[in-house]
Amino acid sequence: MSQQAHRSAENSTGNSTGNSTETQEPETPHLDFAGTTPYEDYVKADVLTHLQHTLSDDPGEMVFLVTTQVMELWFTVIVHEWETAAHALREDRPGVAIDALKRSVRELEALNASWKPLGQLTPAQFNAYRSALGEGSGFQSAMYRRMEFLLAEKSASMLVPHRGAPRVHAELEKALHEPSLYDEVLRFLARRGCDIPESVLRRDVSQRYEPSDAVEAAWTAIYAGDQNAELARLGEALTDVAELVWRWRNDHLVATRRAMGAKPGTGGSAGVAWLEKRARKNVFPELWTARSHV
């Protein structure tokens, strides 16, 4: 055998040995399942993609409906994150809480991006299917209401629309009477030595949170100290959340103003006027006002 032929034989043997694993791999993934696919069993994609039942013939309604359903899914994830954070703070595990809050920031960014498909609607385009919505309105969303309750925006009257859905009503009533995320934050600060008044710590958590000068002073002291300290990092994670909630409210306002001007909302609300009032409210208010004193 010539030297060249010998090298060719060695290469051939080496390739067959070295690539034996690769050649044994199937060219296609497993395709044959006895029932539904494992992906379907886990994700329930067939259920999700058959939940769209439009009420008009306008092609734009499908975009509106799917976008709204996607928003509901993001609400669900964000509620999960904030409840995780509240529970972790109750157990004095701030690292777990901060991680959950940081994840929720990314989720809020995705939620806010949901306005993109709706933000360019002209009045004529929105009116093409608006009548099909009847009295349906976003403020009737139970999962969004749970988000608001976790932000300490409590209101017993917001349970009224859900009296006809016992499970949903019970979940909202439970959330109404539980400490909000911010309540758990302030209780955690108190356990870490911050001067949080008893009136704040023992407040009626079923009521909307009202700003406190003493809480503002506590955040001022935190921010005047080590910027890398745990409490400062918690404050910044909460501020990131608060900023994106504010952006959500403003994007909602702008999209509504573009689509329907100053008309009353579909659910009987004041429409743009109501959204303007909501957009002026700060979440975790002392985190914002304390910055003026640092």
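A pocket, as the word is used here, is an open set of grid points with protein on both sides within 12 Å along at least five of seven lines, and its lining residues have an atom within 4 Å of a point. Please keep in mind that all the views below show a predicted model.

**View 1. The largest pocket and the helices that line it.** Four helices, α5, α8, α13 and α14 (272-279), each supply at least two residues of the lining of the largest pocket. Which helix gives the most to this lining? Helix α5 does, with 11 residues. The volume of the largest pocket is about 1200 Å³. Its lining is made of 45 residues, and the closest to the pocket centre are Phe64, Thr68, Ser137, Gly138 and Phe139.

View 2. Searching the whole structure turns up 10 aromatic pairs. Tyrosine 129 is buried because its relative accessible area is 1%, and buried means under 20%.

View 3. Tryptophan 219 and tyrosine 223 make another tilted pair, at 6.3 Å centre to centre with 45° between the planes. Both residues lie in helix α12 (residues 213-224), four residues apart, which is about one turn of the helix. Are these two residues buried or exposed? Tryptophan 219 and tyrosine 223 are both buried. Look for arginine 291 too: it lies over the face of tyrosine 223, at 4.8 Å from the ring centre. The charged end of arginine 291 also sits over the ring of tryptophan 288, 5.7 Å from its centre.

View 4. Histidine 252 is part of helix α13 (residues 230-260). With a relative accessible area of 24%, histidine 252 is partly exposed. Which residues does histidine 252 contact, leaving aside its neighbours within four places in sequence? The answer is Trp115 and Leu275. Trp115 also belongs to a cluster in which ring pairs link Phe75, Trp115, Tyr144 and Trp248.

**View 5. Glutamate 148 and its contacts.** Glutamate 148 lies in helix α8 and counts as buried, at 2% relative accessibility. What does glutamate 148 touch, not counting residues up to four places away in sequence? Its contacts are Glu153, Arg249 and Arg278.

**View 6. Two loop residues with a positive phi.** Most residues other than glycine have a negative phi. Aspartate 92 is not a glycine, yet its phi is positive, at about 60°. Aspartate 92 is found in the loop between α5 and α6 (94-113), and at 36% relative accessibility it counts as partly exposed. Alanine 152 has a positive phi as well, near 75°. This alanine 152 sits in the loop between α8 (142-150) and α9 (166-177). Is alanine 152 buried or exposed? At 3% relative accessibility, alanine 152 counts as buried.

Notes
Residues numbered from 1 in each chain as written. Predicted model: local features only at pLDDT ≥ 70, side-chain atom pairs only at ≥ 80, totals over all residues. Heavy atoms only, no water. Phe/Tyr/Trp six-rings, centres within 6.5 Å; stacked < 30°, edge-to-face > 60°. Buried < 20%, exposed > 50% of the residue type's maximum accessible area, 1.4 Å probe, protein only. Lys NZ or Arg CZ within 6 Å of the ring centre and 35° of its normal. Contact = heavy atoms within 4.5 Å. 1 Å grid on protein atoms, 1.4 Å probe; cavity = no way out; pocket = protein on both sides within 12 Å on 5 of 7 lines; lining within 4 Å. Points joined across faces, edges and corners; volume = space filled by probe spheres on them.
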